[in-house]
Amino acid sequence: MKFLRDLMDKQRPLFEKGGKLESLYYAFEAGETFLFSPNHTTGIKGAQVKDAIDLKRMMITVVIAMIPCLLFGIYNTGHQSLLATGATAGLLDNFGDKAIIGLQLVLPIVIVAYAAGGLVEAVFAVIRKHPINEGFLVTGMLIPLVVPATTPLWQVALATIFAVVIAKEVFGGTGMNILNVAMTARAFLYFAYPAQISGDQVWTYLGEKTAIDGFSGATALAVAYNAGVDGVPVVDALAGHNTALGADLFSFSNLFMGWIPGSIGETSTLMALLGAAILIGTGVASWKIIVSGFAGAFLMGLLLNVLAVNEYMAMPPQYHWVMGGLAFGIVFMATDPVSAAQTETGKWIYGLLIGVLTVIIRVTNPAYPEGIMLAVLFMNVFAPLIDYYVVKANKTRRLQRATV
Amino acid sequence: MSKIVKLNKGFDIRLVGKASKEIANFASAQTFAIKPTDFIGLQRPKVLVNEGDTVKAGTPILVDKALDQVIYASPVSGEIVEIKRGDRRKLLEIKILADKTVIHENFGKIDLSQNRDSLAAKLASTGVWPNIIQRPFGIVANPADTPKAIFISAFDTHPLAPDYGFTLQGEEKYLQAGIDALAKLTPGKVHLNVDGSKPVDAIFSGVKNAQINQFSGPHPAGNVGIQIHHLDPINKGDLVWTVSPAGVVQIGKAVLEGVYDTSKIIAVTGSELTKAAYVKTFVGANVSTFVKGNLNSGHVRVISGNVLTGEKINLEGFLGFYHNQITVIPEGDYYEFLGWAKPTASKLSYHRALGLLSFLTPKKEFVLDSNCRGEERAFVQTGVFESVTPMDILPVYLLKAIMAEDFDEMEELGIYEIVEEDLALCEFVDVSKHPVQELVRKGIELIQYS
């Protein structure tokens with residue numbers, strides 16, 4: 001690696017103060033620190049040694065935790081496509097074809113998201129003279145995982161640019177943002193181009209082929225909502241859905257495994273839990289948010305069971321865990337440390353309310369079959385308020401101590 | 001009523017190079033120095049001696065014009081060889097070439113039955129007073145103040161810290177006399193806080209005239225600031241004093257012998273030393289005779305104090321006034337290819353994202369160098385500072401209040417309860433590499449001089 005180091009040292013004067021490419025210093029710095037941990041040493045006073053962790057390491061850990069979801073998403077994209085066109089029946093039949101279809105669809109989305117967002121990051125870093133934020137490593141992977149595989153690439157690029165600029169850079173970059181960047185990207189697509197990210201037609205890629213007779217591309221959430229409207233028990237409606245593609249497409253175990261139509265990375269609860277295990281095991285994400293998020297959804301589901309005004313409300317609450325993107329959203333979106341509550345007590349409240357709100361939106365709002373996106377964004381906005389009261393309690397304890 | 005407090009939050013940094021429990025026969029230090037920069041809050045130092053003057057141990061060589069009852073005395077007898085100044089004539093070091101045997105200024109034994117104010121004034125004139133630190137702010141105490149209590153932490157949990165049970169052996173008499181003197185200075189209690197994780201050292205178990213409390217847990221359980229928080233927290237308007245055990249012994253010697261005797265046993269530690277052991281010397285010793293010829297590598301950083309709160313000095317540097325330890329670690333000014341990404345078991349991290357399997361080897365000792373391991377970023381990770389700070393304090397919010405210079409917020413969030421060392425672990429574990437201790441001092445100064 002000596003020659004790389006020499007190359008860097010040789011180019012460095014160009015970018016330093018007074019050099020020809022001085023304005024591009026932070027672009028150079030980003031590349032250099034990616035290849036080599038810098039040679040900075042600790043100051044004269046203060047801690048003389050530092051923990052070996054840095055933000056790059058932390059962020060790459062989150063990316064690693066998303067890989068199960070990504071791989072599963074790629075395969076499931078192919079699987080759903082072949083299933084809908086009648087070309088396959090078993091989960092592992094036509095393995096290669098499914099993987100290739102999935103890669104063809106998903107990889108360009110990932111590349112476009114990273115390229116578009118990375119460009120915005122670099123431009124802002126150079127103009128505003130701050131280091132390039134590692135946070136984008138995570139955002140660039142999250143955005144592809146929360147859109148359907150059929151999303152046009154230009155929309156992916158536009159949403160990414162919009163989210164990085166409006167949700168992050170205008171606040172000053174990673175660490176300063178209020179909203180989760182990836183969720184903002186999805187919300188942008190949802191409200192700007194609803195035809196490509198909602199309804200029954202977008203979740204399964206058909207290409208040039210036609211779907212088999214009796215095929216329905218509806219997601220489990222849509223089926224459940226319609227069951228509520230029609231007064232059919234939700235579990236029966238799920239079981240009877242899309243029998244043309246084989247029995248029990250929406251069985252509980254299939255929903256849990258994720259062999260269902262949906263956004264690329266969100267379908268599999270199992271893979272999201274695998275990611276959760278990595279995030280909690282490495283201590284990168286708060287287990288409190290994850291646990292209380294799932295608990296909130298379950299409790300709200302139970303509460304609705306008691307009311308049970310329609311069949312959707314009467315649905316067994318554990319179905320909320322496995323339908324739609326709840327698991328993915330709680331594990332990867334809600335735990336974003338910057339936009340989440342930052343106090344330990346606040347994290348319990350924040351997670352719980354995300355779970356509760358998701359279920360309320362799902363069950364009661366006809367316009368948005370998926371609740372997690374809006375629940376996370378809504379609670380992002382309220383996280384500082386939660387923290388405000390937790391911090392205030394700390395101050396009050398200190399004040400009371402003084403008067404006693 | 002003595003208290004037993006068990007703390008769970010914190011982190012022990014285990015390093016290679018613990019001092020073996022023996023007094024090494026390193027050559028004695030030749031020169032000694034008083035560094036005005038060691039005394040935080042020393043505002044307008046005035047030198048009372050000139051180069052070439054001869055002084056005894058206890059001769060005043062410095063006063064703070066803002067607090068001129070307190071004298072800063074020469075730790076040894078000898079000749080003033082250099083008064084070193086830096087930019088804008090800032091006073092850096094007053095160097096003394098020591099005599100072979102130390103001659104003390106004798107100011108007579110101190111009668112503890114005199115009234116509080118005259119006792120304080122007497123102690124302030126002997127050179128031992130700067131050992132008494134005032135909280136809030138962590139500055140040298142004002143003899144005219146009356147603290148609500150005095151706290152002594154009898155153990156040090158910092159990395160490679162000296163064992164006071166070993167360094168203070170044989171000083172029981174002076175320790176007791178020092179505590180007796182301190183008890184006269186406060187209407188409240190003198191708290192002596194001992195390590196509750198092992199049998200109490202003989203030297204501390206017999207102490208009278210003080211409340212003995214037991215603290216156990218990982219670092220920073222030994223920090224006096226943490227202990228105060230759990231015993232008798234500092235609120236706005238409160239004033240308490242803290243003294244280190246070595247300082248108490250110095251006070252005791254002044255009381256019983258009538259001299260300013262700064263001899264002490266310090267730990268010479270660190271991974272880069274051939275022999276890590278204890279050595280007997282005086283306050284402000286030149287460290288070169290302990291370190292040179294005792295190194296097993298060439299490119300080192302010599303630290304007066306420990307790796308969390310110490311100060312970088314060079315091979316010819318001097319031991320800080322409050323330090324009982326020297327640490328020598330490798331200098332870390334190198335690039336590392338993909339250093340942030342490589343899986344490794346040889347780096348120490350509090351975070352499991354790097355030290356995933358570190359729980360398998362909880363006693364493993366590491367060699368840490370002075371590399372920053374990354375660049376400064378905005379706060380991102382949350383909940384980590386809280387997990388290494390065993391106080392009911394929200395460090396990140398407090399630090400943000402300091403950055404914003406929001407005085408009310410700083411007060412309400414507990415700036416009075418901390419000094420740099422209490423949040424030193426936060427600086428170590430910080431993913432975003434903030435200069436936490438520097439920020440803490442900035443906040444304290446904002447409040448102190450407002």
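The points below describe helix packing, sheets, an aromatic pair and some backbone features in a predicted model.

1. Helix 6 and helix 7 of chain A. Helix 6 covers residues 153–168 of chain A and helix 7 covers residues 181–192 of chain A. Their axes are 8 Å apart, and the packing angle is about 125°. That angle makes helix 6 of chain A oblique to helix 7 of chain A. The crossing of helix 6 of chain A past helix 7 of chain A is right-handed.

2. Residues in that contact. From helix 6 of chain A come Q155(A), L158(A), A159(A), F162(A), A163(A), V164(A), A167(A) and K168(A). They meet V181(A), T184(A), A185(A), F188(A) and L189(A) of helix 7 of chain A. Sorted by class, the contact of helix 6 of chain A with helix 7 of chain A holds 10 nonpolar, 2 polar and 1 charged residues.

3. Helix 5 and helix 6 of chain A. Helix 6 of chain A also packs with helix 5 of chain A, residues 135–145; the two axes come within 11 Å and cross at roughly 135°. Helix 5 of chain A is thus oblique to helix 6 of chain A, and the crossing is right-handed. On the side of helix 5 of chain A, the contact is made by G135(A), F136(A) and I143(A). On the side of helix 6 of chain A, it is made by T160(A), V164(A) and K168(A). The classes here are 3 nonpolar, 2 polar and 1 charged residues. V164(A) and K168(A) take part in this contact with helix 5 of chain A and also in the contact with helix 7 of chain A.

4. Aromatic pairs. How many aromatic pairs are there over all chains? The count comes to 30. One of them joins Y75(A) and W259(A): the ring centres are 5.8 Å apart and the planes stand at 80°, so the pair is edge-to-face. Y75(A) belongs to helix 3 of chain A, residues 55–84, while W259(A) is in the loop between helix 10 (252–257) and helix 11 (269–281) of chain A. The pair therefore ties together parts that are 184 residues apart in sequence.

5. Helix 3 and helix 6 of chain B. Helix 3 (residues 172–185) of chain B and helix 6 (residues 245–257) of chain B have axes that come within 7 Å and cross at roughly 90°. These two helices of chain B are therefore roughly perpendicular to each other. Helix 3 of chain B contributes K173(B), Y174(B), L175(B), A177(B), G178(B), I179(B), A181(B) and L182(B) to the contact. Helix 6 of chain B contributes P245(B), V248(B), V249(B), I251(B), G252(B), K253(B), V255(B), L256(B) and E257(B). By class, the contact of helix 3 of chain B with helix 6 of chain B divides into 12 nonpolar, 2 polar and 3 charged residues.

6. A sheet of 3 strands in chain B. This open sheet has the strand order 4-6-7, with antiparallel pairing. Which strands are at the edges? Strand 4 (45–47) and strand 7 (67–73) of chain B are the edge strands, each pairing on one side only. The twist from one strand to the next averages 30°. Strand 4 of chain B is joined by 3 bridges to strand 6 of chain B, residues 60–64. Across these two strands, V47(B) stands opposite L62(B).

7. A sheet of 6 strands in chain B. The sheet is open, its strand order is 2-17-16-20-18-19, and its pairing is mixed. Strand 2 (20–23) and strand 19 (311–313) of chain B each have a single partner strand, so one side of each is left without a neighbour in the sheet. On average, neighbouring strands are turned by 35° against each other, direction ignored. Strand 18 (residues 300–304) of chain B pairs with strand 19 of chain B over 3 bridges, in the antiparallel sense. V302(B) has I313(B) in strand 19 of chain B as its bridge partner.

8. Cis peptide bonds in chain B. One joins R135(B) and P136(B), with omega about 0°. P136(B) is in the loop between strand 10 (133–135) and strand 11 (139–140) of chain B. Another joins H219(B) and P220(B), with omega about 10°. P220(B) is in the loop between strand 14 (211–216) and helix 5 (224–231) of chain B.

9. A positive phi. L160(B) is not a glycine, yet its phi is positive, about 60°. L160(B) is found in the loop between strand 12 (150–153) and helix 2 (164–167) of chain B.

How values were computed
Residues are numbered from 1 along each chain as its sequence is written. Chains are lettered from A and ligands numbered from 1 in the order in which they are written. This is a predicted model: local features need pLDDT of at least 70, side-chain atom pairs count only at pLDDT 80 or more; totals for chains, interfaces and linings use all residues. Side-chain values use heavy atoms; hydrogens and water are left out. Axes are lines fitted to C-alpha atoms, for helices over the stretch in contact, and angles run from 0 to 180 degrees between N-to-C directions. Helices (H or I, at least four residues) and strands (E, at least two) are DSSP runs, numbered from the N terminus. Angles under 35 degrees count as roughly parallel, over 145 as roughly antiparallel, 65 to 115 as roughly perpendicular and the rest as oblique. A crossing is left-handed if the near helix is turned anticlockwise from the far one by less than a right angle, and right-handed if clockwise. Contact means heavy atoms within 4.5 Å. Ala, Val, Leu, Ile, Met, Phe, Trp, Tyr, Cys and Pro count as nonpolar, Asp, Glu, Lys and Arg as charged, and the others, Gly among them, as polar. Two strands pair if DSSP finds at least two bridges between them. Rings of Phe, Tyr and Trp (its six-membered ring) pair if their centres lie within 6.5 Å; planes under 30 degrees apart count as stacked, over 60 as edge-to-face and the rest as tilted.
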